[in-house]
Amino acid sequence: MIEVKDLYKKFGKNEVLKGIDLTIERSGIFSVLGPNGSGKTTLIKCILGMVLPNSGQIFIDGKPLKNNFKYRNEIDYLPQIANFPGNLKVSELIAMIKDLRDSKATKDDELIELFKLQPYLNKKLANLSGGTKQKVNLVLTFMFDSPLIILDEPTNGLDPISHLRLKNLINSEKEKGKTILITSHILSFVEEVSDEIVFLLEGKIYFKGSVSELKEKTEQPDFEHAIASILSSSYA
Amino acid sequence: MANFTSNLKKTLYIFTFFLLVFGTTSAWAKTITVCSTCAVKTIKEGVAQASDGDTVLVKKGIYKEVNIIIDKSIILLGENLPTIDGEDRGEIIKIVSDNVTVDGFKIINVGTSYTADYAAVRVIKKDGYLIQNLELEKLFFGIYLEKSNNGKVLNNKIKGDAVNEYNSGNGIQLWYCKGVEVRGNNVQKVRDGIYLEFSDNIIIRQNISRNNLRYGLHFMFSNHNVYDYNIFENNGAGVAVMFSKFVDMNHNVFKKNWGTAAFGLLLKEINDAKINDNVFQENTVGINIEGSNRIEYSNNDFISNGWAIKVRGACYTNAFKNNNFLYNSFDISYNGGLNDNVFNSNYWSNYAGYDLDKNGIGDVPYRPVKLFSYIVNRTPETIILLRSLFIDIIDFSEKVSPVFTPDDLLDENPKMKTINHDRS
Amino acid sequence: MLKILKYSFYDLMRSRWSYVYFLFYLLLGVVLLFLNNDLSKAVITLMNVIIILVPLIGTIFGVMYYYNSREFTELLLAQPVKRSSIFLGQYFGVATSLSMSLVIGLGVPFIFYGIFNSSAIWDFSLLLVTGAFLTFIFTALAFVIALSNENRIKGFGYAILLWLFMAVIYDGIFLMSLLYFEDYPLDKFSLLATMLNPVDLSRVLILLKLDISALLGYTGAVFQKFFGTNFGLLLSSAMLIVWVLVPTFFIWRIAKRKDF
């Protein structure tokens, strides 16, 4: 599915990724964790082709990313900050993204229903609150049926009900056999949904495995302490 | 009624008959007809047979003749525009008698020479001539008047094919002539359209002079002349008036004289002239003034010229009043001090002042000389920066506090609206 | 690319700024023509507006649009769309909508004034075409600046500086160097210097119509050929096209290599 080989990236003098090797073969929910500046977003952006690595290669379904943009048809991406052209209406934005992906089989109506967005469809995006924008963002992400879903901080700004709905949504997508990549700071959320954790530290993969494996390795009773112990041992 | 008319006709016929019969034998003026099938077949022969007061009537046809010398006071009259073809062999008609009329010919192929100024029609030291309704083509000089006074040159069409100045001649040339009227002529593509040298009391009126190689009209050492209601267009260098006094230039149009040394009107060493009611449009320089004094410039329109007026120095007591300066790249360019020249009550389209008391006169004076025009005079390539913001800024600062331009060169009473000149 | 262009264009057509810009030109046209009633003067004033204001608006608007739509751009980047298409599409969207505000805003009052029956139609069309070119050039330059500067304050600063340089400072240096080297033949130099600044280039293109009488007063053979024949018009127009293509190429190149 996703194969990352010996990936290096630096911004100026700042080395962000220092040789990442990561293979995700099966379906399921994978959380990318790590402290601030550990390279989570950079890794995801490399996979999306938004950041161009200095060296190393990425393959999606066996095809290299370089000079290729069509593979993004197979990816649904939820960006961290939802900011859209202010003069478009919600319905127009949805139509536009559909148009850009040339995709007809979508489930946008379903999702609009789920997040109760009908009253906002004819409003301009500039007039929406942050939470509503995030909901629109979620609709845009989940309305396509791609085998790979990447979510960057999906819970930002969501009220508890929507949060719950999102969780259900993610689980139902997982059941369809998709691969889902998540970054989040909300550890409870991660613990709840993840099948596997990828822990990045200073540009390298420090740990890859399930939550229980992590607890075992760090000899901590719960997830939060496990994470904390990694951080304190590495900074000690 | 019909009877009466036929009687009258009959009387007329009889009268004419007697006129012809007695005309040939007595002092009555007679008419000699020249045509290819007539008894008289050449113009020269016709002139030879004529005596003072006679008419030589030339019928339509082509006459290949040169050096037709008219030494009697006759009327040489062409009927239906007969053609005299000089076949490039030299001068065609030479008038050496007083009171000669030449009327209604097409004269072509005057000989070109580097030693003699061959003309289509030349008048030598004789008075009272009338030269009219001629069409001159393929010529060297057109109508050449030397030391000949009190004549008229009317309604001729002169169309040359001049390419170089050194082997082309002038359309109408006056040399040491007095009291001549040059009116209604159309001169094109010769060296100088109309050329005057040492000629006084000449009236040049309603002529059109265009596409000439050098000047549309050229004055040298000629005083007390008037030229008005003429059109001078697209001549190599415009109109030049030099070393002359008391010349009135009114109601003329100077148009599209473009080029490196081109101007609508060049004044050089001119005194006591009047330049009123003219239109100067789209010339590189509207009027170029050098060493000229006591000249009145009023009611003229300067439209879209590169420079409306260039004052080159040594000019005194010139007055520019009630003129319109419209959309010229530069209004005035000025070398040296203002002297006692005056700019007053003109309309300047570049004026940006205001009129709070609503009397039609701007409340702040207008400075017609811009700093940039000095810069361009010094380094001509800077013209490429014309109308750029940087230039506007330095012009503005110069306007606020003049350093380079004469402090007192201003129009104290700039008009707020275009002055309406009656051009009928 | 056309899809992105379409959406950027729609987005801008609804923006308040497009209307302000459009109304400004409409008002300018109406004031110049109907309050002053002097077509030749109106054309001269318009020329000043076009060679100064159009580049300024193009630069500011281009930079502003780029920075304001950054997050949206990131959304687009995750879509199966070519990178160059996204940026070129946005660029053409902005430039087209600005040009349309200019052309329609000025065109409408002139049509009502009866420009079609007037001899000034060519001067006027030339003004509009030049204005459109300047919009495209300076919007492209703005995109290049914005793409190369993550920091938007810096980006705005460089954009304003670019405008100031092209509109004023360049001509100042140009004039000084002409005066300093006045003993040398300068006509080739000055034509070259004109070609290298799109503001000067547009100005000269308009001068060819407005001030040809003055331009023909200069003696140099190169100037004579440039101003006296169609050569000047053709060369200037070709250079304007080059001035659109070069920054557009840079947009494409920078966009291809940039990280988001």
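1. The interface between chains C and B. In this predicted model, 30 residues of chain C meet 28 residues of chain B. On the chain C side, the elements that contribute two or more residues are helix 3, helix 7 (152–180), helix 8 (187–195), helix 9 (198–210) and helix 10 (212–215). Helix 7 of chain C supplies the largest share of that side, with eight residues. By class, the side of chain C that touches chain B holds 16 nonpolar, seven polar and seven charged residues.

2. How the chains are connected. Two pairs of chains are in contact, and chains B and C share the most contacts. Chain A and chain B are not joined by any contact; their closest C-alpha atoms are 36 Å apart.

3. The interface between chains A and C. Here 22 residues of chain A are in contact with 19 residues of chain C. On the chain A side, helix 1 (40–48) and helix 2 (90–101) are the elements that give two or more residues. The largest share, five residues, is that of helix 2 of chain A. The side of chain A that touches chain C comprises 14 nonpolar, three polar and five charged residues.

4. The UniProt record, an unreviewed entry, assigns the feature "transmembrane region" to residues 20–36, 42–67, 88–112, 124–147, 159–181, 201–221 and 233–255 of chain C. Two of these spans may be compared with the model. Residues 88–112 of chain C are 100% helix and 0% strand, and the end C-alpha atoms of the span lie 35 Å apart. Residues 233–255 of chain C are likewise 100% helix and 0% strand, with 33 Å between the end C-alpha atoms.

5. Packing of helices 3 and 5 in chain C. Helix 3 (residues 39–68) and helix 5 (residues 83–113) of chain C pack at an angle of about 145°, and their axes are 10 Å apart. The crossing of these two helices of chain C is right-handed. Helix 3 of chain C takes part through Val54(C), Ile57(C), Gly58(C), Phe61(C), Gly62(C) and Tyr65(C), and helix 5 of chain C through Val94(C), Leu98(C) and Leu102(C). The contact has seven nonpolar, two polar and no charged residues.

6. Ala132(C). This residue is found in helix 6 of chain C. Ala132(C) counts as buried because 21 other C-beta atoms lie within 10 Å, where the cut-off is 20 or more. Leaving out residues up to four places away in sequence, Ala132(C) touches Ser99(C), Leu102(C) and Val103(C). Of these partners, Leu102(C) also belongs to the contact of helix 5 with helix 3 of chain C. Val103(C) is 29 residues from Ala132(C) along the chain, and the C-alpha atoms of the two are separated by 7.5 Å.

7. The largest nonpolar core. This core has 252 residues, and those with the most contacts inside it are Val139(A), Ile150(A), Val56(B) and Ala120(B). Helix 6 (residues 121–148) of chain C gives the largest share, 16 residues. As for Val139(A), its contacts beyond four places in sequence are with Ile94(A), Asp108(A), Leu111(A), Ile112(A), Phe115(A) and Leu117(A).

8. Overall description of chain B. Chain B contains four helices and 39 strands. Its C-alpha atoms fill a box of roughly 90 × 60 × 30 Å along the principal axes. Of the 424 residues of chain B, 45% count as buried. Among contacts in chain B with a separation of 6 or more, 46% are between residues 24 or more positions apart.

9. Asn278(B). The residue lies in the loop between strand 29 (274–276) and strand 30 (279–281) of chain B. Is Asn278(B) buried or exposed? Asn278(B) is buried, since 28 other C-beta atoms lie within 10 Å and the cut-off is 20 or more. Apart from its neighbours within four places in sequence, Asn278(B) is in contact with Met249(B), Asn250(B), His251(B), Asn252(B), Phe254(B) and Asn300(B). Asn323(B) is 45 residues from Asn278(B) in sequence, with a C-alpha to C-alpha distance of 9.5 Å.

Terms used
Residues are numbered from 1 along each chain as its sequence is written. Chains are lettered from A and ligands numbered from 1 in the order in which they are written. This is a predicted model: local features need pLDDT of at least 70, side-chain atom pairs count only at pLDDT 80 or more; totals for chains, interfaces and linings use all residues. A nonpolar core is a set of buried Ala, Val, Leu, Ile, Met, Phe, Trp, Tyr and Cys residues joined through C-beta atoms within 7 Å. A residue is buried if 20 or more other C-beta atoms lie within 10 Å of its own, exposed if 12 or fewer, and partly exposed in between; C-beta atoms are placed from the backbone. Two residues are in contact if their C-beta atoms, placed from the backbone, lie within 7 Å. UniProt positions are given in the numbering used here, feature names are shortened, and annotations may be inferred rather than shown by experiment. Ala, Val, Leu, Ile, Met, Phe, Trp, Tyr, Cys and Pro count as nonpolar, Asp, Glu, Lys and Arg as charged, and the others, Gly among them, as polar. Axes are lines fitted to C-alpha atoms, for helices over the stretch in contact, and angles run from 0 to 180 degrees between N-to-C directions. A crossing is left-handed if the near helix is turned anticlockwise from the far one by less than a right angle, and right-handed if clockwise.
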